[in-house]
Amino acid sequence: MIPQKNISAEHDLSEEREIVLEIKDLHKSFGSNNVLNGFNMKLHQGENLVIMGKSGSGKSVMIKCLVGLMEADSGTISVMHKDITKLDQLALDMLRSDIGFLFQGSALYDSMTVRENLEFPLRHHAKKMENYKDKDALVIEALENVGLADAIDLMPSELSGGMKRRVALARTLILRPKIILYDEPTSGLDPITAKEIILLMQDIQRKYNTSSLIITHDVDCARVISERMILLIDGTNYAVGSFTELSSSNDPRVQAFFKQ
Amino acid sequence: MPKTNKIITKLKDFFIEIGDIAYFTGRFFKEVFKRPFEIKELFRQAYNMGNRSLLLVGITGFIIGLVLTLQTRPTLMEFGAVSWMPSMVGISIVREIGPIITALVCAGKIGSGIGAELGSMRVTEQIDAMEVSGTNPFKYLVVTRVLAITLMLPLLVIIGDAVALYGSYLVENVKGNVSFSLYFNKVFEALEFGDIVPATIKTFFFGLAIGIVGCYKGYYCEKGTEGVGAAANSAVVFTSLLLFVIDFIAVFVTDIFYDL
């Protein structure tokens, strides 16, 4: 197993901030293919943590294990001090309402309008949302946050790629999550739209003080948004540090990520 | 030897799939009585399935009634038994031809539609998106669809039977100058409790089979557009086979109680 390289020990400095998400020694394999091989990470309250890795390096597998969409072979995943592998379905669903997930392809429900897409999670978490305004106001507010209040009655097929991503982000926000997981938030978008999405992610983080885990291989996205980065190589956290520290590293495997 | 291994592997996969479908069916019965009941979605699905299949079922039924009468007439004439035509057509359509033909048509139209729709939702991560937002996609997508087709198929069969008998009547009217009231009086004289009730009960099982297999194939669709096509296709093939097995069992059981 390749040992983790702490490019800067300084970046474990967020110890004073509460840990909201922690993965310890995560293993996942498909047949003889070891995708995750002892992966570890911590996400702190209000932090933007970027995980970079090549295609097929296990980023998406890791994030799916994190929300219980996939079962890990071994290791522990703790979200807000709860071990998700030990939760029953009801408790897991409750916990999931505190975790927003932005899918790579937006994953909007294509048989529903934008409004219905946003209302859908609300119907199942009425208790959590009872202190908030009425459903309509919540939907409109979430759409206003992403600048798409006018698209409320459109179908997903009528939206552009960038608009779909914004609506998906609005849907993620509607349950007021404490943690947002972004799976390749800028993939498939043109550079201008990608930049808009990155700025939107920053706005949201500031406004709602969410902790964000961003899976990407977009160097620009990582540069703008990351407070801390983890490079996922060979199924483990190969290197940890800030963007500046990692991009100036002499390690050829680390450098490979930052070469254009 | 490798050929034998291949056959053994295929057989093993087949029985594993049967086991998975049985588990899926068990989960359906477990979830169907649990709150929240997705009444609005159930009615939407029932309306869509019924409405979209009505014309096809009607046309198929009409042609079956027409063809059955046209082809049987010369034989019955040879024996001087043309007056038995309404009874014979009525019994054969209500007992067997109506339910099985309508179920096969619906397996092609509705079963493949469910397989393709859920498969596409799986591939585009819409089902995952429902799951991570803490909602229950099985309840919303599977329970409503299976219940809708289970309730709609008997209605479609009744309509199909009626149209088939009307088609048969038209032939009798043109060829034998038989009146509407005479034809249908003869049909209802011939039909007994043991013809109608078991035939109707088995259509609920046909509907359940179409829904379960279609949903199972779509819900666990493999990734990619090819997977969606395969899900739709195998839903139809597997359901068609299953319909005949259910039909055989239904006739066997009916024979025990009503001495066919």
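A crossing of two helices is left-handed if the near helix is turned anticlockwise from the far one by less than a right angle, and right-handed if clockwise. The model toured here is predicted: local features need pLDDT of at least 70, side-chain atom pairs count only at pLDDT 80 or more, and totals for chains, interfaces and linings use all residues. Residues are numbered from 1 along each chain as its sequence is written, while chains are lettered from A and ligands numbered from 1 in the order in which they are written.

**Stop one: a helix pair in chain A**

Select residues 161-173 of chain A, which form helix 5, and then residues 191-208, which form helix 6. Helices (H or I, at least four residues) and strands (E, at least two) are DSSP runs, numbered from the N terminus. The axes of helix 5 and helix 6 of chain A, lines fitted to C-alpha atoms over the stretch in contact with angles from 0 to 180 degrees between N-to-C directions, come within 10 Å and cross at roughly 15°. The two helices of chain A are therefore roughly parallel to each other, a term for angles under 35 degrees. Helix 5 of chain A passes helix 6 of chain A in a right-handed crossing.

Next, show the side chains at this contact (C-beta atoms, placed from the backbone, within 7 Å). Helix 5 of chain A contributes Gly162(A), Arg165(A), Arg166(A), Leu169(A) and Leu173(A), and helix 6 of chain A contributes Thr193(A), Glu196(A), Ile197(A), Leu200(A) and Ile204(A). By class, these residues divide into five nonpolar, two polar and three charged. Ala, Val, Leu, Ile, Met, Phe, Trp, Tyr, Cys and Pro count as nonpolar, Asp, Glu, Lys and Arg as charged, and the others, Gly among them, as polar.

**Stop two: Arg206(A)**

Remain on helix 6 of chain A and select Arg206(A). Arg206(A) is exposed, because 10 other C-beta atoms lie within 10 Å; the cut-offs are 12 or fewer for exposed, 20 or more for buried, and partly exposed in between, with C-beta atoms placed from the backbone.

**Stop three: chain A against chain B**

Display both chains; their contact takes 16 residues from chain A and 10 residues from chain B. On the side of chain A, helix 2 (89-96) and helix 3 (114-124) each give two or more residues. That side has 10 nonpolar, four polar and two charged residues.

**Stop four: chain B**

Buried residues make up 40% of the 260 residues in chain B.

Notes. Parallel < 35°, antiparallel > 145°, perpendicular 65-115°, else oblique. Contact = placed C-beta atoms within 7 Å.
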